[in-house]
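The following exercises concern a predicted model. Each sets a task and then gives a solution in steps.

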Amino acid sequence: MKVFIYPTNSLVLSDLVERFGHEPLAIMQEIGKKVRTQSLDSPPINITPEDPKLGLKYAAVEVPSGVRGRMSLFDPLISNADAAIVVHDPAPSFGCMGCARTNELVNFLIRAKKIPLLELDYPSSEDDAKEFVYKISRFLKSLTEGKK
Amino acid sequence: MDTLTKMVVINSEKVLPSDIVIKLYQSKADVMIKETCFGVIVSGERSVVNTLLDEIRKMDPYGIFIKERGLAPGEQYRCRATRRGGARPGFHSIETENKMLPLIAAALKALDKGEIPKQKQRKKKLDVERFKEIIKQTEVS
């Protein structure tokens, strides 16, 4: 199954989803597609004529263009997601490296999609990490069993 | 050709990036390899890269973490050599998650041993009625 991960560039989540036999939906694959097939330098800073249309599906024209640009990258991920794993308040997506409004919108859209969703916090101790990995493995196994 | 770039982040006591690079060269696969401070970046045909990295993961299943990367190694607009240094986009994310890799590795080991972690008691949010009571009690008449 295709599992949307948030933070969308997370190494840990991407690795765990793949390790437990599912396909992670991460932002890297969308950036890779744009770089390889359309030769864009720095998506979402460079966009194609189609991208604003995808962005406008989610956010009105008066919303900052950064939100719509990012949403154009997130669109294929959100629309293809069969399930999602979301980590609350990840530090790297705060501040200049992230966009708080896009993050809120993405989280809202994932909840509104009514797909199986696992919400977690990043672990800070060994016990937290055990619970973190155990919950992810149980969630991903339940997806496989549900599919059967 | 469907190309794919993947980054291998190493947090292992027994495997070094150079060990992985040697193993990759030994495979004689048609891939581009770059050794980095955190591990290795491998770029090539999707099926070849995936098969190779499945083998690489077996070198230390708990110490090797893999994720896809949008840009191939040495892309001019992201490579620090041409951007006069500084952290490249995505560095901060890896830096943050790299710190928790030992915890994740220990958790994966525990999971393979069949250990079931204790569910932590989460703090419940304060009930509204109880909150009203507290306000009343603390009100200065």
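**Exercise 1.** Determine which strands of chain B pair with β1(B), and in which sense.

*Solution.* Begin with strand β3 (residues 39-45) of chain B: β1(B) pairs with this strand in the antiparallel sense, over seven bridges. Within this pairing, B:Thr5 is found opposite B:Ser43. Next consider β4(B), which also pairs with β1(B) in the antiparallel sense, here over six bridges. In that pairing B:Lys6 faces B:Glu68 as its opposite residue.

**Exercise 2.** Explain why β1(B) is described as largely enclosed by the rest of the structure.

*Solution.* A residue counts as buried if 20 or more other C-beta atoms lie within 10 Å of its own. Seven of the eight residues of β1(B) are buried, and the strand is therefore largely enclosed by the rest of the structure.

**Exercise 3.** Identify the residues with the most contacts inside the largest nonpolar core, and trace the contacts of B:Ile104.

*Solution.* The largest nonpolar core has 62 residues, and those with the most contacts inside it are A:Phe4, A:Ile5, B:Val8 and B:Ile104. Helix α3 (residues 91-112) of chain B supplies the largest share of this core, eight residues. Leaving aside residues up to four places away in sequence, B:Ile104 touches A:Val12, A:Ala129 and A:Val133.

Note on methods: Residues are numbered from 1 along each chain as its sequence is written. Chains are lettered from A and ligands numbered from 1 in the order in which they are written. This is a predicted model: local features need pLDDT of at least 70, side-chain atom pairs count only at pLDDT 80 or more; totals for chains, interfaces and linings use all residues. A nonpolar core is a set of buried Ala, Val, Leu, Ile, Met, Phe, Trp, Tyr and Cys residues joined through C-beta atoms within 7 Å. A residue is buried if 20 or more other C-beta atoms lie within 10 Å of its own, exposed if 12 or fewer, and partly exposed in between; C-beta atoms are placed from the backbone. Helices (H or I, at least four residues) and strands (E, at least two) are DSSP runs, numbered from the N terminus. Two residues are in contact if their C-beta atoms, placed from the backbone, lie within 7 Å. Two strands pair if DSSP finds at least two bridges between them.
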